Amino acid sequence: MMIGGRPNVSLVICAVVFGCIFLTYLGSGSVRNQLNSTSSPTRWVSSKGKHEKSDVFNKTLGFEKVFVIGLPERSDKRDALTLMSSLTGFQLSWIDGVLGKAIPDKALPFGWNRETMSDSNLGSWRGHINAMRRIVEDGISSALIMEDDMDWDVHVKGLLAQFAEAARALQKGFHQDQRLKSPSPYGLDWDMLWLGSCITTFDEDLPEHLQIPYEQRDARKILIRNDPTVPPTGHLLANGSFSWDDYPPQTRIVYVPGDNVCSFAYALSAAGAQKALQYMGLEGQQKPFDNHLSDLCRLRVNGMRCVSIVPSLFVHHRPRGKISGDSDINNAGEAVREVGFTENVLYSTRLNLRNLVTGLEPEKQWTD
Ligand SMILES: *[C@@H]1O[C@H](CO)[C@@H](O)[C@H](O)[C@H]1NC(C)=O
Ligand SMILES: *[C@@H]1O[C@H](CO)[C@@H](O)[C@H](O)[C@H]1NC(C)=O
């Protein structure tokens, strides 16, 4: 879907946690307006106050469920995530991860080659597909699906509320003939909200779009300005097709994904889960799950309407300890990491757990 010749519009939206936030709509041929606003100090747990009527602040972050996919034996990861979500005010539902070798040949997805492709990628695919099927089976109106090594900012609810505002503004360019059946604080015209990825390529920068005139590419963007939880520019990663230097510091970009890498966290609406299950479950599978998920958005399979944000709101944590424990997909030998970290998350919930349980203020990972 191409959107042509849209004007740039600036929206000023009073968001829930950070006071007035300036959102800038960038159509194609964008001019990056400079806007300023002051931001008020933040609280890390957002209770429902006067400005916090949005369902984003409820126990499931404005979705019907928050699913986490993880192998049951990784009790270390379950301990961490349970404590993190409880301290930042939401509830998780676990979906058991699957080992590739547990999938019999007869149930292999079309195109899967056991000789050339790794069993752990197969297991990862099955865990995600099980989550999608659960949404369809149980008639769930929307769910956030995340992997079990996630981290997020302690202000996650405020950040999601701010994202919801921007996502709703962005959806004005989507087909509105398939509106969500249940109300969602994230808008009524989405299939997927890709909230956690590790590399972002904007749609207009995709190789297959470079041949067509810029104004015919889908370059819609909403900028969230003056967000004090965005790390200093020198610590920002994930920009696969653009420079952070082209945006003012403390900016988050809400956009239509071209190609995202890493399936850290994404939400599906009921219709989105059906579209995803059809393509990713039944049409075959020949690549790592995250690249396949990216194709779903990139190729607009089944009319898929995706919205994403960078820097991401969910990013995998690299804990202190044996590096081999990070991933159930890759193996890294015996090396040990002395200090844990999470890319792109300033006030890491995981790294602030001791502060949070003892009532201290959360600390930043980086100060400059
Ligand atoms: C949170 O809000 C969403 C969207 O309105 C809703 O579907 C979900 O049931 C709510 N969760 C809880 C625990 O009330
Ligand atoms: C990402 O942004 C940094 C500036 O923060 C820049 O140096 C780097 O080249 C950018 N990467 C790409 C792929 O453009």
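I take a polar contact to be a pair of N or O atoms within 3.5 Å. The model I am looking at is predicted.

**Entry 1: ligand 2**

I began with the atoms of ligand 2. A backbone N or O atom of W244 sits 3.2 Å from one of the ligand's oxygen atoms. For F242 I again found a backbone N or O atom, here 3.0 Å from an oxygen atom of ligand 2. With N239 the side chain takes part: one of its N or O atoms is 2.3 Å from an oxygen atom of ligand 2. I then looked up the area: ligand 2 alone exposes 370 Å², and the protein buries 53% of this.

Which residues lie around ligand 2? I listed T233, N239, G240, F242, S243, W244 and D245. By kind, I noted two nonpolar, four polar and one charged residue in this shell.

**Entry 2: the chain as a whole**

I went on to the overall figures. The chain has 368 residues, and 55% of them count as buried. I noted six helices and 17 strands as its secondary structure.

**Entry 3: nonpolar cores**

I looked next at the largest nonpolar core, which holds 52 residues. Its members that touch the most others are L144, M146, F163, L195 and F314. Which helix gives the most to this core? I found that helix α3, residues 156-170, does, with 10 residues. Apart from this core I recorded another, of 31 residues, including A143, M192, A276 and L277.

Setting aside neighbours within four places in sequence, I found M146 in contact with V66, F67, V68, I69, L81, F90, W152, F264, A265 and F314.

**Entry 4: R337**

I located R337 in strand β16, residues 336-337. Is R337 buried or exposed? R337 counts as buried because its relative accessible area is 13%, and the cut-off is under 20%.

I then traced the partners of R337. Its side chain makes a polar contact with the side chain of D326 at 2.9 Å. The side chain of R337 also reaches the backbone oxygen of P319, at 2.7 Å. Not counting residues up to four places away in sequence, I list R318, P319, R320, G321, I323 and D326 as the residues that R337 touches.

Terms used:
Residues are numbered from 1 along each chain as its sequence is written. Chains are lettered from A and ligands numbered from 1 in the order in which they are written. This is a predicted model: local features need pLDDT of at least 70, side-chain atom pairs count only at pLDDT 80 or more; totals for chains, interfaces and linings use all residues. Side-chain values use heavy atoms; hydrogens and water are left out. A nonpolar core is a set of buried Ala, Val, Leu, Ile, Met, Phe, Trp, Tyr and Cys residues joined through side-chain atoms within 4.5 Å. Buried means under 20% relative accessible area, exposed over 50%, partly exposed in between (1.4 Å probe, protein chains only). Helices (H or I, at least four residues) and strands (E, at least two) are DSSP runs, numbered from the N terminus. Contact means heavy atoms within 4.5 Å. A residue is near a molecule or strand if one of its heavy atoms lies within 4 Å of it. A polar contact is a pair of N or O atoms within 3.5 Å; within protein, one must be able to donate a hydrogen and the other to accept it, and residues adjacent in sequence count only if both atoms are side-chain atoms. Accessible areas come from the Shrake-Rupley method with a 1.4 Å probe; for residues, only the protein chains shown count as cover. Ala, Val, Leu, Ile, Met, Phe, Trp, Tyr, Cys and Pro count as nonpolar, Asp, Glu, Lys and Arg as charged, and the others, Gly among them, as polar.
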